Structure formats: C-alpha cells, structure tokens
Amino acid sequence: MLSFQMYFTFCSFVILSSFAQELKHNPVGTKPVRLFTDEDLAKYHGQEDGQPIYMAVKGVVFDVSSGKDFYGKDAPYNALVGKDSTRAVAKMSLEPDDLTSDTSGLTEEQMKSLEDIFINVYKAKYPIVGYTSRRILNEDGTPNKNFKPEDQPNFTIKDEF
C-alpha cells in the first residue's frame, strides 16, 4: 500500500507532467505548492506569533499572514483560518456551521459572491501555498477518479503554480 506522501508525490508528478508545456519556469526562491489535509491546515490557525496564517477558499489554500490584523489572534476574521471556509465566505458568515467547504444549498447570488470574493480578494491579494486534499482525494483517501485539473474552477497551472 502506498503511503500518503508517496501517493501525493505520484499525483503531483502526473498533474504537473500533463501541464509541463504551459510552465515557463519556476522562479528562484518560490516554494513548491503543497497538498493540505484538514489536520495540516488546522495548524495554521493564526494563534501563534511567527507562524503563517492559512485559510482555504474553494480548496485553494492562501497565506493570509499579511492580513494578520484581520485573520490573526483575536482578529475579526480569525474564525475563517486554519480550515476551508468556502461556505462562510459565500454567505459572509462567521457562524460555526458555515465554516466548511460544503457549498450545497447555496443560492445563485451566494455562489456569485463567492466567485467574486475568491478572484478579487483572495487570488488578487494573497499567495497560493497549496490545495486541500479534498480537491483530489475522496474522504477515505483514495484518488478522486473524477478529478481533472483542467476542469476545476480556477485551477489553472499558469495562474496558480
């Protein structure tokens, strides 16, 4: 049985290989993009000084450390960090039940708002450091056979890697 790290390495190779022609170069000093489990992402909750602050929207993990006044310890939006808060962003909510990646039942207006905030706030302002494992793995850790990077909303190698 493959370990998670071996599986991730294999998936990364397959995904990146299929888009190698689109990549021009990897700028010196950039860090590789990571795959985050829920447990990995939870470590970047903004409560510890000097620790990066990460949050995910639509399965894309952003480093929001530069917005520490908004996302850091005791800040107004700290509830959003250390997890995929897609639903909360769509609903503009800080309710515990909305702090999830689940978008089922959202209205068309909420989905439009989510897309607008995703592009014009998060992608425009914060660096992408990785993706949640839910984007390419099923709940049990098996590969999501339906995952195709080219079909994922806002998953373009040129823009994100």
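Is Y122 buried or exposed? Y122 is buried, at a relative accessible area of 4%, where buried means under 20% relative accessible area, exposed over 50% and partly exposed in between (1.4 Å probe, protein chains only). The model is predicted, with local features requiring pLDDT of at least 70 and side-chain atom pairs counted only at pLDDT 80 or more, while totals for chains, interfaces and linings use all residues. Residues are numbered from 1 along each chain as its sequence is written, and side-chain values use heavy atoms, without hydrogens and water.

**Aromatic pairs**

- Eight aromatic pairs are found in a search of the whole structure; rings of Phe, Tyr and Trp (its six-membered ring) pair if their centres lie within 6.5 Å, and planes under 30 degrees apart count as stacked, over 60 as edge-to-face and the rest as tilted.
- One of them is the tilted pair of F62 and Y122, with 5.7 Å centre to centre and 40° between the planes.
- F62 belongs to strand β3 (residues 60-63) and Y122 to helix α5 (residues 108-125), so this pair ties together parts 60 residues apart in sequence; helices (H or I, at least four residues) and strands (E, at least two) are DSSP runs, numbered from the N terminus.
- F62 counts as buried, at 0% relative accessibility.
- Y71 and Y126 form an edge-to-face pair, because their ring centres are 6.1 Å apart and their planes stand at 85°.
- Y71 lies in helix α3 (residues 68-71) and Y126 in the loop between α5 and β4 (128-132), 55 residues apart; both Y71 and Y126 are buried.

**Cluster and charge**

- One aromatic cluster is formed by F62, Y71, Y77, F118, Y122 and Y126.
- Over the ring of F118 sits the charged end of K58, 4.6 Å from the ring centre; this term requires NZ of Lys or CZ of Arg within 6 Å of the ring centre and within 35 degrees of the ring normal.
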